[in-house]
Amino acid sequence: MTVYSAPTRDMSFVINELAGLDEIAALPDFQELGVTDVAEAILEEAGKFAAEVLAPLNWGGDQQGARLENGNVISSPGFIDAYKKFSEGGWNALSAPLEFGGQGLPELLNTPTYEMWNASNMSFALAPLLGAGASECLKHHGTDEQKATYLPKMTSGEWAGTMDLTEPAAGSDLSNVKCKAVQEGDHYRINGQKIFISWGDHDMAENIIHLVLARLPDAPEGVKGISLFLVPKFLVNPDGSLGARNPVNCVGVEHKLGIHGSATCTLVYEDAIGYLVGKLNQGLMHMFTMMNEARLKVGVQGLAIADRAYQGALAYAKERVQGFPMKGARGGHRVAIIKHPDVRRMLMTMKSQIEAMRAFNYTVARYMDMAAHHSDAGVRKANQAQVELLIPVVKGWCSELGIEIASLGVQVFGGMGFVEETGAAQHLRDARIATIYEGTTGIQAADLAGRKLIMDKGAAMAALVADMRAVEEQLGKAKGDDAAVIRVSLGEGIKALTSATDWILSTIAQDASVVMAISVNYLMLVGYVVGGWQMARAALVAQNKLATGEDADFYEAKLVTARFYAEQILPKAIALMHAVKGGGTTTMALREEQF
Ligand SMILES: Cc1cc2nc3c(=O)[nH]c(=O)nc-3n(C[C@H](O)[C@H](O)[C@H](O)COP(=O)(O)OP(=O)(O)OC[C@H]3O[C@@H](n4cnc5c(N)ncnc54)[C@H](O)[C@@H]3O)c2cc1C
């Protein structure tokens, strides 16, 4: 079974050298918190918690998943205790507002911890992930009374939170939500069914706060008639103590491909009491305020599971002896498979893309902090534009790469990867969900190419490209072969990105379906080029650090990894550009009966 060790060296490099933690720490809301002083301690302690408490439960959670017994969900062995320790350790509260008992720290520090929770135990990590989403939504749209009643307990982790959107006929298309809400005095009665609700019931927290989409009987059709309701598992008395059990019940737990430790519940509401959150008929809009955070965190899941798979594959490649060295005489000593060039190809493909994803994810977290906390409205707006543009990419690209890298992990293990005992197969099975929930890759791509790019006529993308060109220019001034190779590759990637972007901007008005047909290729192209830009920035830092002699091992490896990305990964952008500009018409050309 693979052990987990948090990659704190690279995390520290990214938050400090690429995402500029010192600038975030200097923002007015964080100045008093001594963010840069606590950062290393947080990484270290979170790393220990992930490795020592969560990781040992990952395999058990897979083998003995959450189950339904007499109407109650029983979590996997050890999860109750781990959840208690997680809450008591304050991990649930890291970036939550101070006024509700949180620590008020930046998203840039919270994001590496989410990487650790998900790498060590993705099933477990979904519980705080969804609770944070529900809290965020309530923070923005709840009444003062709702916030005072629910947020302190949700922040501490004593109460968990869920997001109840999906129904049998309303998945990607939430306009078809059918759950009903009927007013009764100061509350509503909720009736209906939701499916696939992560951690929809469990025994880890004393109460569960469900945020539920439902519609009033006279509400308009479609998305404009959906409202948001808070439905507690146990009603809360005026003094804050727990009251009667609300009739929201789990009637089934799914048997699924992966994340067995996370209960995926069918919930039935039978006259359950719910309280309106925000404005009537604006429920979906309200949910969307937390969607960016949730989607970033699913992108982080792709990164996390990829890193866990890489760690396992690397350890195995160092110990599995098979074959002879390329140059050695047959009959000499057999070698560990890490000596074979093709195994190196797999490990470098994993490592370089993981580092690119990490830099991408944390950079988006930086944009979020700037957008929410900078004192200058212009800076907030520019950063929010990057968040809007890049969220579908970070979610889609990282979750797709999570699967690819977990699959490479299985390949490095050979046959031992395909059997379950090594854990490599579990990572691949777990990784598979991240491209589906919180909006499939197709939905992210439609959001990117059909909405985000168009709504500002490509302005945010142009600003992003300008930042990339600045790095290309810096590379032109840097010395040495590495910088030269990386500069050429980045330049070609930027050209491919701008060419594909221009094509979409000029085509979409005439034929949106052709653009939708290639939108996932476009999303992946943006992901590879953003990754290349971040690795190029990393290479520049590495060169400077090497010149001063600082941490030579780490920075030498960073430079090699960045160059590998430039030579072996980034050229995919050019192929994707051709697919974008050429592929849409044929994708749609067959009549349905020709399939
Ligand atoms: C393990 C698990 C946990 C989940 N947790 C939660 C949760 O906590 N809360 C919650 O509310 N939901 C949850 N979900 C539901 C999840 O968000 C949905 O499964 C997801 O949004 C996709 O919806 P669907 O399954 O109905 O697929 P569909 O919408 O039927 O999609 C099927 C396929 O069609 C494509 N497609 C559909 N519409 C379009 C379109 N307009 N354009 C292009 N392509 C399209 C999709 O990309 C996909 O490939 C969970 C699901 C799973 C499996």
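Strands β3 (159-164) and β5 (187-198) each supply at least two residues of the shell around the ligand, strands being DSSP runs of E of at least two residues, and helices runs of H or I of at least four, numbered from the N terminus. This is a predicted model: local features need pLDDT of at least 70, side-chain atom pairs count only at pLDDT 80 or more, and totals for chains, interfaces and linings use all residues. Residues are numbered from 1 along each chain as its sequence is written, and side-chain values use heavy atoms, without hydrogens and water.

**Ligand shell**

- The ligand is surrounded by 17 residues, the closest being Met-163, Thr-166, Ser-172, Phe-196 and Thr-440 (a heavy atom within 4 Å).
- β5 gives the largest share of the shell, 3 residues.

- A nitrogen atom of the ligand lies 2.7 Å from a backbone N or O atom of Met-163.
- A backbone N or O atom of Phe-196 is 2.8 Å from a nitrogen atom of the ligand.
- The side chain of Ser-172 places an N or O atom 2.6 Å from an oxygen atom of the ligand.

**Helices α9 and α17**

- The axes of α9 (residues 341-373) and α17 (residues 552-569) come within 9 Å and cross at roughly 100 degrees (lines fitted to C-alpha atoms over the stretch in contact, with angles from 0 to 180 degrees between N-to-C directions).
- The two helices, α9 and α17, are therefore roughly perpendicular to each other (65 to 115 degrees).
- Residues in the contact include Arg-345 and Met-348 of α9 and Phe-564 and Tyr-565 of α17 (heavy atoms within 4.5 Å).

Key
Parallel < 35°, antiparallel > 145°, perpendicular 65-115°, else oblique. Polar contact = N/O pair within 3.5 Å; in protein donor to acceptor, adjacent residues only side chain to side chain.
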